[in-house]
Amino acid sequence: MPLIAAATGGTPSRRPVWFMRQAGRSLPEYRAIRVDRGMLESCFDPELVCEITMQPVRRHDTDAAILFSDIVVPLKAAGVDLDIVPGTGPVIASPIRTAADVAGLPRLEPEAVGAVTAAIGLLIDELPPTVSLIGFAGAPFTLASYLIEGGPSRTYEHTKAMMLGDPELWHALMGRLTDLTIAFLRAQINAGVDAVQLFDSWAGTLSEAAYEAFVAPHSMRVMAEIEQYGVPRIHFGVGTGELLGAMTRIGTDVIGVDWRTPLDVAAERVGRSVAIQGNLDPTALLAGRDVVRGELVRIIAEGERAIAAGTPGHIVNLGHGVLPNTEADAVTHAVELIHTL
Ligand code: CP3
């Protein structure tokens, strides 16, 4: 598997690529299959999860499939009242703000995500042997931000107010979410995923000092707990140029980099100790083939420079997810270029 080779310092048989949000609204076959079904309902239907996960692999020839799910799926499975609202994202019926709210958070029993593990079983039978299946979970901080805000936020004001103003309550909540994240990742690994990505999508809103004090100990427990299973771990967030060192030190095999930080700079920042993943700006895919080619030539050269200087490997990806308005053909073309350049 080229992706696993790149993640672990081996020599991939071709340059591995997958794209965050490669399954989803950029694909006509996804829009067709989702017309009469809700997002969360779809995430708990193993046949549908398998089909949607396979769609981008068939169409684009990517080196990995990412399980079609969402970071709030384990919260929903545990019994938290929430929905995923089209065009908005996760919305929590009763935001978590008090000690009683935290104490009332349900725990995740592995059987509650049986639909997800069943989907993984179907995918293992269906995926070509060279294509890796990536499982994932939201990191405790990013999950906490949805639970505390009640939905997406620009300022994370309730989240940071709790973090800074009531550290004891904050750490209690983060501890519960760490348990949930570990349980969800363990279930996916036991079901057979080849690698896992921890999405701390919104960690970039924090200073390095705040990240170290309020987030790192919890994410570190997640990574330490799953290390024993031997599947490569990928750690990713948006706008985390200043946090790359801290996010690597919590323990990971691959660090995700967004488009703001050149890959060779990122590699140096993390001491060349882990493989790098990234980092095409998703908007480049809206700007025409010449732009995509130019950006990919640069990114691949930066990755090769990093590898020549000691970085274990490079997995090509975007700096964040495929935007819904992206032409599916633009994605296919980018994958082709990455495999041939
Ligand atoms: O292809 C893949 O990448 C796998 C699928 C995937 C989804 N969500 C499907 C989805 C993954 C990996 C996620 C993770 C996720 N969910 C994250 C971390 C990744 C990131 O983007 O930083 C976050 C922050 C969420 C929360 C969330 N869920 C948001 C912000 C949204 C978008 C809201 C919207 O409609 O624009 C969702 C909904 C969601 N998750 C969709 C998909 C395909 C869109 C729902 C739809 O198609 O109706």
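User: Where is glycine 24 found?
Analyst: Before anything else, please keep in mind that this is a predicted model. Glycine 24 sits in the loop that connects α1 and α2.

User: Which residues does UniProt list for "binding site"?
Analyst: The UniProt entry, which is unreviewed, lists Arg21, Gln22, Ala23, Gly24, Arg25, Asp70, Tyr146, Ser201 and His320 under that heading. These residues span 300 residues in sequence and the farthest two C-alpha atoms are 22.7 Å apart, so they do not all gather at one spot.

User: Which residues come nearest to the ligand?
Analyst: There are 23 residues around the ligand, and those that come nearest are Ala23, Gly24, Gly89, Phe199 and Ser201. If you sort the shell around the ligand by residue type, you find twelve nonpolar, seven polar and four charged residues.

User: Switching topic, how many helices and strands does the chain have?
Analyst: The protein chain has 16 helices and nine strands. Its C-alpha trace spans about 55 × 45 × 40 Å along the principal axes.

User: How does its radius of gyration fit with a compact globule?
Analyst: For 341 residues, a compact globule would have a radius of gyration near 20 Å, and the protein chain has 19 Å, so the two agree. As for the contacts between residues at least 6 apart in sequence, 73% of them join residues at least 24 apart.

User: How much of the chain is buried?
Analyst: Buried residues account for 50% of the 341 residues. As general background, nonpolar side chains in soluble globular proteins tend to be buried together.

User: Then which residues touch the most other members of the largest nonpolar core?
Analyst: That core has 110 residues, and Ile134, Val193, Ala195 and Val196 are the ones that touch the most other members. Helix α10, residues 167–191, supplies the largest share of this core, namely eleven residues.

User: What is isoleucine 134 in contact with?
Analyst: Setting aside its neighbours within four places in sequence, isoleucine 134 is in contact with Ala64, Ala65, Ile66, Leu67, Val193, Ala195, Val196 and Gln197.

User: And phenylalanine 136, which strand is that in?
Analyst: Phenylalanine 136 belongs to strand β4, which covers residues 132–138, and it counts as buried because it has 23 C-beta neighbours inside 10 Å. Beyond the residues up to four places away in sequence, phenylalanine 136 touches Ile66, Leu67, Val196, Gln197 and Phe199. The C-alpha atoms of phenylalanine 136 and threonine 181 are separated by 9.2 Å, although the two residues are 45 apart along the chain.

User: What does the UniProt domain annotation cover?
Analyst: The unreviewed entry gives "domain: Uroporphyrinogen decarboxylase (URO-D)" for residues 16–25 and 134–150. In the span 16–25, which is 0% helix and 0% strand, the end C-alpha atoms lie 23 Å apart. In the span 134–150, which is 59% helix and 29% strand, the end C-alpha atoms lie 28 Å apart.

User: One more topic, the backbone: where is there a cis peptide bond?
Analyst: A cis peptide bond joins glycine 278 and asparagine 279, with omega at about -5 degrees, and asparagine 279 is placed in strand β8, residues 275–280.

User: What is phi for aspartate 61?
Analyst: Phi of aspartate 61 is near 65 degrees, which is a positive value in a residue other than glycine. Aspartate 61 lies in the loop between α4, residues 46–60, and β1, residues 64–66, and it is partly exposed, with 14 other C-beta atoms within 10 Å.

User: And tyrosine 156, what is its phi?
Analyst: Phi of tyrosine 156 is near 55 degrees, again a positive value in a residue other than glycine. Tyrosine 156 is found in the loop between α8, residues 140–149, and α9, residues 157–165, and with 18 other C-beta atoms within 10 Å it is partly exposed.

Terms used. Residues numbered from 1 in each chain as written. Predicted model: local features only at pLDDT ≥ 70, side-chain atom pairs only at ≥ 80, totals over all residues. UniProt positions renumbered as here; feature names shortened; annotations may be inferred. Helix = DSSP H or I, 4+ residues; strand = E, 2+ residues; numbered from the N terminus. Near = placed C-beta within 6 Å. Nonpolar A, V, L, I, M, F, W, Y, C, P; charged D, E, K, R; others polar. Rg over C-alpha atoms; globule rule 2.2 N^0.38 Å. Buried ≥ 20, exposed ≤ 12 C-beta atoms within 10 Å, placed from the backbone. Contact = placed C-beta atoms within 7 Å. Core = buried A, V, L, I, M, F, W, Y, C linked by C-beta atoms within 7 Å.
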